[in-house]
Amino acid sequence: MEPSYPFKPIGSLRALSATLGITEAELLALKERSDSCFYITNKLKKPDGSVRLTYDVKDELKVIHERISSALLKKVKYPDYLHGSLKGKDYLSNCKQHLGKKFIISEDATNFFPSISKKIVHEVWVGVFGFSNEVARCLAELVTFDGALVQGAKPSSYISNLVLWKREADLVSKFEKLRYGYTRYVDDITISSAYNLSKKEQHSIIAQVYGMLKTIGVSPNRSKHKTMPNGKNQSVHRVNVNTLSPTLPKAKRANIRAAVHSCEKLHATSPQSSEYKTLFSQTMGKVNNMARMHVVEGLKLRKRLNRVKPS
C-alpha cells in the first residue's frame, strides 16, 4: 500500500551531489539561493475568490529539478490508488476505478500545494526514501519556495503524491477491508462503495479523510464535498461514472460539436489567422479527449476537423 523507493538510500551530500551531477559546493550554493530561482508564471482567480499561483524556476534550478525528478522521484513505486501526474495514469484512469458504484463520496483540498510545508517534504525524503536528515534538508530546500511546495515546479506533482505516504496507506488498507474503493488525483479524493452507505458510514469515512489531511496541515474544501448515491448523477472530474464506462455529460458533448462547427465556419473566412489556429488547436484537444470515451462520435468529429486543418 505504501509508495517505496527500491534503491539504496542516499546518506551524504557528497553522494547526493554525485547523483545530481554537480559538485558538493555547487549544490550547497544553489540550496542557499534556491528561493530566488522561483517566479510566478500565472495567477488564476478561482470561483471561490481565492487565487491559484503557478510557478516556474530559472534554468540553473530547473536542471536540478529535472534530475531530482528523473533520478529519484520517478524511481518510486507508486501504489495503485494514486493517479495524479504519473506515467500511464490520468484523470480518466482515476474515474474508471469508480464506475457503476452504489455510492460515491468526493472530497477536495483547499490550497493543497501551499499548505504542504517544507517540514512535510523533509519527512517524505526521510520516510519514503530513507535518506539522511542532512540530505533530506537539502532536497526539501531545493524543491520548496518560501517554506512550502508550489504548483508548477517539476518535482511538486510527484511529491504531492507522497506527502500522505504512511497515513494514506493505512487508511486505504482499512477501507479495502470494508470494501470501499479509494483513489487520489493530486488533491481530489474519491471513495466509492459497491453497496449503499448509511449516514453513520458516510460520516465515519469523511471524518477519517479529513483527519488524514489535517495531519499534514491541509484543510478540506467543504464547498466541494459531494455524496452521490447511484440514483443521482455520479461524476468524478466532471465525467459521468454511473454506468460501466465513463461518459462526458450531454451538454459537454454538445459544446464540443458546436466548437467543431465554429472551426468549419471560421476556416471558410480566415483559415490562416492566429485566431483560427488557436481555436483549431483547442477544439482538436477537446475532440481527442472526447474520443477516449465516445469513440465513434469522436472519430467523426476528428475527420471533420482534419478537413479544415490549418496548412
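I looked up which element gives the most to the lining of the second largest pocket, and found that β4 does, with four residues. I took strands as DSSP runs of E of at least two residues and helices as runs of H or I of at least four, numbered from the N terminus. The model is predicted: local features need pLDDT of at least 70, side-chain atom pairs count only at pLDDT 80 or more, and totals for chains, interfaces and linings use all residues. Residues are numbered from 1 along each chain as its sequence is written, and side-chain values use heavy atoms, with hydrogens and water left out.

**Second largest pocket.** I noted that α9 (165-177) and β4 (180-185) each supply at least two lining residues. The lining has 14 residues, and Asp80, Tyr81, Gln97, Glu176 and Tyr182 lie nearest the centre. A pocket here is an open set of 1 Å grid points, over the protein atoms alone, where a 1.4 Å probe fits, with protein on both sides within 12 Å along at least five of seven lines; lining residues have an atom within 4 Å of a point.

**Largest pocket.** I counted 47 lining residues, with Arg52, Asp108, Asp187, Asp188 and Lys224 nearest the centre. Among the elements giving two or more residues to this lining are β1 (38-45), β3 (103-110) and α12 (274-291).

**Whole chain.** I recorded 13 helices and nine strands. The C-alpha trace spans about 60 × 55 × 35 Å along its principal axes. Of the 311 residues, 44% count as buried, that is, under 20% relative accessible area (1.4 Å probe, protein chains only).

Notes. Buried means under 20% relative accessible area, exposed over 50%, partly exposed in between (1.4 Å probe, protein chains only).
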